[in-house]
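Student: I have a model open and want to know what stands behind the labels. Can we go through them one by one?

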Amino acid sequence: MRKMGLDYGSKTVGVAMTDALGVTVMPFETITRKEENKLRRTLARITELVGEYEVDEIVLGRPVLMDGSDGERAEKTVIFKDLLEKRVSVPIVFMDERLTTVEADEALNEMEIPRSERKKYIDQIAAALVLRSYLNQIEYDKEKENLRREDRHGEN
């Protein structure tokens, strides 16, 4: 039941994981690369983590623009997803990641992490925020469906 969250950037991928029960979300690591298009080692590391931690689903942040449309980063993220799907056998779903990096920076500021140290953590925290949003959405959808069932049951 472990889920992995990814925040895909031009030279980094932030990784977050849930605990084995799929409840608690934890920043995990930041995978770095020297050039944006050099993805082989990045993909290999994600594949390794999926196997090692028995991940059953990957949540990939999709950086849509504020108006909800896809920009250049979102298009590159779709290409990254396609490449990753060829390496892992678990579902990969998109989750809107608008403003997660801003939220991550604010969280680091609240924790009083020096600016010089933030680069190490910001992508992991952004990935955790994406993953937490996804889990919250699943819970919200379940609650909504339960209310619908109760309403239908009450009508009979």
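Tutor: Start with exposure. Buried means under 20% relative accessible area, exposed over 50%, and partly exposed in between, with a 1.4 Å probe and protein chains only. The model is predicted: local features need pLDDT of at least 70, side-chain atom pairs count only at pLDDT 80 or more, and totals for chains, interfaces and linings use all residues. Residues are numbered from 1 along each chain as its sequence is written, and side-chain values use heavy atoms, with hydrogens and water left out.

Student: Which exposed residues does the face of helix 2 turned away from its buried side carry?

Tutor: Glu-72 and Ile-79. Helices (H or I, at least four residues) and strands (E, at least two) are DSSP runs, numbered from the N terminus.

Student: What makes the buried residues of helix 2 line one face?

Tutor: The buried ones are Ala-74, Thr-77, Phe-80, Lys-81 and Leu-84. Seen down the axis of helix 2, they fall within an arc of 110°, so they line one face. The arc is that of the directions from the helix axis to the C-beta atoms.

Student: What do the buried residues of helix 2 pack against?

Tutor: Strand 1, strand 2, helix 1, strand 4 and strand 5 (92-96). Contact here means heavy atoms within 4.5 Å.

Student: How do you know what span to expect for helix 2?

Tutor: The expected span is 1.5 Å times one less than the number of residues. Helix 2 has 14 residues and reaches 20 Å from its first C-alpha to its last, close to the 20 Å expected.

Student: Why is a set of residues called a nonpolar core?

Tutor: Because its members are buried Ala, Val, Leu, Ile, Met, Phe, Trp, Tyr and Cys residues joined through side-chain atoms within 4.5 Å. The largest here has 20 residues; Met-4, Leu-6, Ile-46, Ile-58, Phe-80 and Leu-84 touch the most other members. Helix 1 (40-52) gives the most to this core, with 4 residues. A second, separate core of 10 residues includes Val-25 and Tyr-134.

Student: Why are strand 3 and strand 5 said to stand at the edges?

Tutor: Two strands pair if DSSP finds at least two bridges between them. The 5 strands form an open sheet in the order 3-2-1-4-5, with mixed pairing. Strand 3 (25-32) and strand 5 each have a single partner strand, so one side of each is left without a neighbour in the sheet.

Student: What makes strand 4 and strand 5 a pair?

Tutor: 5 bridges join strand 4 to strand 5, and the two run parallel. The cut-off is at least two bridges, so they pair. In strand 5, Val-93 is the bridge partner of Val-59.
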